[in-house]
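Notes below, in the order I looked things up.

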Amino acid sequence: MHQIDLIGSFEERQFPDFRHPTIDTLIWGSKRHHIPILLEIDVTAAREAIREQKKTGQSISFTGWIVKCIAIAVSEHKSIHALRKGKRRLVIFDDVDVTIIVERTVPGADETLPMPYIIRKANEKSVAVISSEIRTAKQSPVAVGEVQIGSTRAAWIAKISTMLPRFVRDWFFWQPLFRNPFLFKRMMGTVSVTALGMLGQGGMNWGIPIGIHPLIVAVGAIAKRPGIVHDQIVVREYVGLTVLFDHDVTDGAPVARFIKRLQELIATGYGLKQEQGVDISK
């Protein structure tokens, strides 16, 4: 009797060690008390301003502009990115260090890895400077075994740490990191922004990421929707945002004020007026 092969052809590979930090982040992030909020914000004016800016030869990144808006809103509502210090203290920082996720090809591997890059003091930088930093991060070389862009540690340290058992990584890295808010900020920043636009070209989408930061923002796709302007129905462009805040460090009222301010900044194209020299909020 002929036996049917139910398996078929396949390839078996060694599990890459460089994925362990990502898995660790998901494990620790799943323990956070993050509350997600889904937003839909009109970005028509901002998108038009960015397109006009490109005609002058200066390319402004949409993600970079979103980072700027988030950083300004956080700087005005600082408790939103506070970090715990023990059980009884909170550390509230003035500088807003935003971690973005950049897909990079890992040397010696056949796949890409989402790598973090920290934009320091994003609240003090212009949209053009932030956009330039993001472009540089996407093009900068990545050392073999490294899991973070722009890391100051030796690459061999990162490579060895990814090869250690998980309980050792928890003991020597993750637990000290969460006990020390200053170490956390230095190594991770205080806000995380990830862009998911490539997942839904032509339609609105929202992502609900898992992470370890007190504030996480996922930027979804941009979609055209009918909107009302001066009592007229017109085609507008909207972006889907997911905002996750850590309920351990802040509550609904401060978050509501932060969300309201963030919506105002994005809807009026904050920062692009200075870059372009015109008022696009009218």
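**Entry 1: D97**

Skipping neighbours within four places in sequence, I get D97 in contact (heavy atoms within 4.5 Å) with I118, I119, R120, K121, K185, G189, T190 and V191. Ground rules before going on: this is a predicted model, local features need pLDDT of at least 70, side-chain atom pairs count only at pLDDT 80 or more, and totals for chains, interfaces and linings use all residues. Residues are numbered from 1 along each chain as its sequence is written, and side-chain values use heavy atoms, with hydrogens and water left out.

D97 sits in the loop between β3 and β4; strands here are DSSP E runs of at least two residues, helices H or I runs of at least four, numbered from the N terminus. Its relative accessible area is 3%, so I log D97 as buried (under 20%; exposed is over 50%, partly exposed in between, 1.4 Å probe, protein chains only). I also see the D97 side chain reaching the backbone nitrogen of K121 at 2.9 Å.

**Entry 2: V193**

V193 is in strand β6, residues 191-195, and is buried at 2% relative accessible area. Beyond four places in sequence, V193 is in contact with V67, I70, V98, T99, I100, I101, V217 and V219. I also checked I66: V193 and I66 are 127 residues apart in sequence, and 8.9 Å apart C-alpha to C-alpha.

**Entry 3: salt bridges**

How many salt bridges does the structure hold? I have 15, each one a side-chain nitrogen of Lys or Arg within 4 Å of a carboxyl oxygen of Asp or Glu.

- R169 pairs with D24, closest N and O atoms 2.6 Å apart. The pair links distant parts of the chain, with R169 in helix α6 and D24 in helix α1 (residues 20-29), 145 residues apart. R169 counts as buried at 10% relative accessibility, and D24 counts as buried at 2%.
- R32 and D246 meet at 3.7 Å, N to O. R32 is in the loop between α1 and β1 (34-42), D246 in strand β8 (residues 232-246), and 214 residues separate the two. Buried or partly exposed, I asked of R32? R32 is partly exposed at 24% relative accessibility, whereas D246 is buried at 3%.
- K78 and D94 meet at 2.7 Å, N to O. K78 is in the loop between α3 (62-76) and β2, D94 in the loop between β3 (89-91) and β4 (98-105), 16 residues apart. K78 comes out as partly exposed, at 32% relative accessibility.

**Entry 4: second largest pocket**

I put the second largest pocket at about 470 Å³. A pocket here is an open set of points on a 1 Å grid over the protein atoms alone, with protein on both sides within 12 Å along at least five of seven lines, and lining residues have an atom within 4 Å of a point. The volume is the space filled by probe spheres set on the points, which are joined across faces, edges and corners.

I count 21 lining residues, with W28, R32, R84, F178 and R179 nearest the centre. Which element gives the most to this lining? That is α6, with five residues. β2 (83-85), α6 (166-179) and α7 (181-188) each supply at least two. By type, the lining divides into ten nonpolar, three polar and eight charged residues.

Note on methods: 1 Å grid on protein atoms, 1.4 Å probe; cavity = no way out; pocket = protein on both sides within 12 Å on 5 of 7 lines; lining within 4 Å. Nonpolar A, V, L, I, M, F, W, Y, C, P; charged D, E, K, R; others polar. Polar contact = N/O pair within 3.5 Å; in protein donor to acceptor, adjacent residues only side chain to side chain.
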